[in-house]
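Keep the viewer open as you read.

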Number of protein chains: 2
Amino acid sequence: MSEQSLVEWIRRRTGRVRERRVVLGIGDDCAIYRPTPGEDLVFTTDFVIESVHFHSDDPAEACGAKALARGLSDIAAMGAEPRFALISVAGPEERAIRHFYTGLLKWKIPIAGGDVARAQKLTCDVVVCGAVPRGKALQRDGARPGDRIYVSGKLGAAAAREYHVPPVPRPRLDLGRRLRGRATACMDISDGLSTDLLRLCTASGVAGHVERVPAAPGATREQALHGGDDYELLYTGPEGLEGIDIGYVLKGSPAVNVEPRGWDHFTYNGHR
Amino acid sequence: MSEQSLVEWIRRRTGRVRERRVVLGIGDDCAIYRPTPGEDLVFTTDFVIESVHFHSDDPAEACGAKALARGLSDIAAMGAEPRFALISVAGPEERAIRHFYTGLLKWKIPIAGGDVARAQKLTCDVVVCGAVPRGKALQRDGARPGDRIYVSGKLGAAAAREYHVPPVPRPRLDLGRRLRGRATACMDISDGLSTDLLRLCTASGVAGHVERVPAAPGATREQALHGGDDYELLYTGPEGLEGIDIGYVLKGSPAVNVEPRGWDHFTYNGHR
């Protein structure tokens, strides 16, 4: 088995999902994307590394599905729709790489390119490109005093199962699009509500006050507050937006009334 | 030291190189790029993994410079100019990650985003986005019988030094742009002339005949023929193009008169 044959397999499998703007896909030095006039393109890139972002004994298919879901969740947080992904996967053997790929293909996102290599640990880097009408992307710096704070669902489910997959939650792409022009700020909760809300408040130059923490079935309040990886959105805006109202934005130096104890790759240990 | 502080350091260091089309850089869920009307965007993604793509004892700065050079070489091969890069780096400790970053910043390419994580081996995924006038990208499928085959420089230097860095060769960005509308097919030689010429011929549905193999000082003919990583371009077109003429294209099933023994991640071992 060779790199060439693995790339051929990937090309065949990914060829089933097409996007007319991807005018050249896998097989050349670069993929070519032809932008539609009036669109801004948004880009996210996320590592998914064995025994860092997933457990070595979790099924490779579910890990693949999760790898792309993480990127799609970032696209949702911008209010964008996904256009294509670039998938780089390295691993010790081809079989796991194929299973990983099979899992991520379930999202039906066009794969425009990528890279394969050998490595001791299954390692993936997922890049997703999304598009949004010019100037309409949701950012995390627009929260204003008086805004309500929302989350898109109950939190802590991934933490409660110690980040094992499956299940792989569904990224909130539809909600993200509906929030365009409504939410004042938006991000996805990847590292835990407490840490990510502080990031949103810091970017916006405001303070946040959490009144309630909606916990998923089986999750503790701690897990709901500090656990990440649920692919829920965190956003601010006027009263009455869809979602779960958890508190409010107020004037003041960037701070929140909950201690930020979410995930940080260089200070914590454990699985994510 | 925390992920947040490393990201802050990266944001400060990368903030010095700007591109007006990157309307939102590091710090949100996604970066935002605003395309210029009439441009096609090209994307390449390459893994650079310790003890696979570089030696563990090579200086991290040089490895960082090489990591981005690989991507820029793919951009050159499309005849494009680089617009921005997304850099994901994982490693066992922050210091090596910072050195790695410092090395890749020498190319003065805007860094629009990325990811950082912990991993046992220094692992990087480099995505480069380039732009080319609509429909003008150089591809590898346009070689026609009667074309001459060219390389942009002497080959085998990287193989001769067993792929140690430094030095890091300079990607052929200027040449790539000059070849737009002139070369019929183009790619960069990443896995060795013998293997990559067969790929070009396969993509174009033609045969290739090599008449001479220009070896870099200190490199054997074998190294020049099968070694990669020199960041030279391989291209076809009419007589008289700039570069080193090494043979010709002829009608026939995809084949070349040299055995393809270049790099394949899943059949060879060694350093690249």
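Count the aromatic pairs over all chains and you get 11, where rings of Phe, Tyr and Trp (its six-membered ring) pair if their centres lie within 6.5 Å. Bear in mind that this is a predicted model, where local features need pLDDT of at least 70 and side-chain atom pairs count only at pLDDT 80 or more, while totals for chains, interfaces and linings use all residues. Residues are numbered from 1 along each chain as its sequence is written, chains are lettered from A and ligands numbered from 1 in the order in which they are written, and side-chain values use heavy atoms, with hydrogens and water left out.

Take Y33(A) and F84(A) as one pair to look at. Their ring centres are 5.3 Å apart and the planes meet at 40 degrees, so this pair is tilted; planes under 30 degrees apart would count as stacked, and over 60 as edge-to-face. Y33(A) belongs to strand β2 (residues 31-33) of chain A and F84(A) to strand β4 (residues 81-91) of chain A, so the pair ties together parts 51 residues apart in sequence. Strands here are DSSP runs of E, at least two residues long, and helices are runs of H or I, at least four, both numbered from the N terminus.

Buried means under 20% relative accessible area, exposed over 50%, and partly exposed in between, with a 1.4 Å probe and protein chains only.

Now hop over to T45(B), in strand β3 (residues 39-49) of chain B. T45(B) is buried too, with a relative accessible area of 6%. Its side chain makes a polar contact of 2.9 Å with that of S88(A) and another of 3.0 Å with that of D125(B). A polar contact is a pair of N or O atoms within 3.5 Å; within protein, one must be able to donate a hydrogen and the other to accept it, and residues adjacent in sequence count only if both atoms are side-chain atoms.

Last stop: helix α2 (residues 60-77) of chain B. Its 18 residues reach 26 Å from first C-alpha to last, close to the 26 Å expected at 1.5 Å a residue, the expected span being 1.5 Å times one less than the number of residues. α2(B) is mostly covered, with 17 of its 18 residues buried. G79(B) follows α2(B) and has a positive phi, near 75 degrees.
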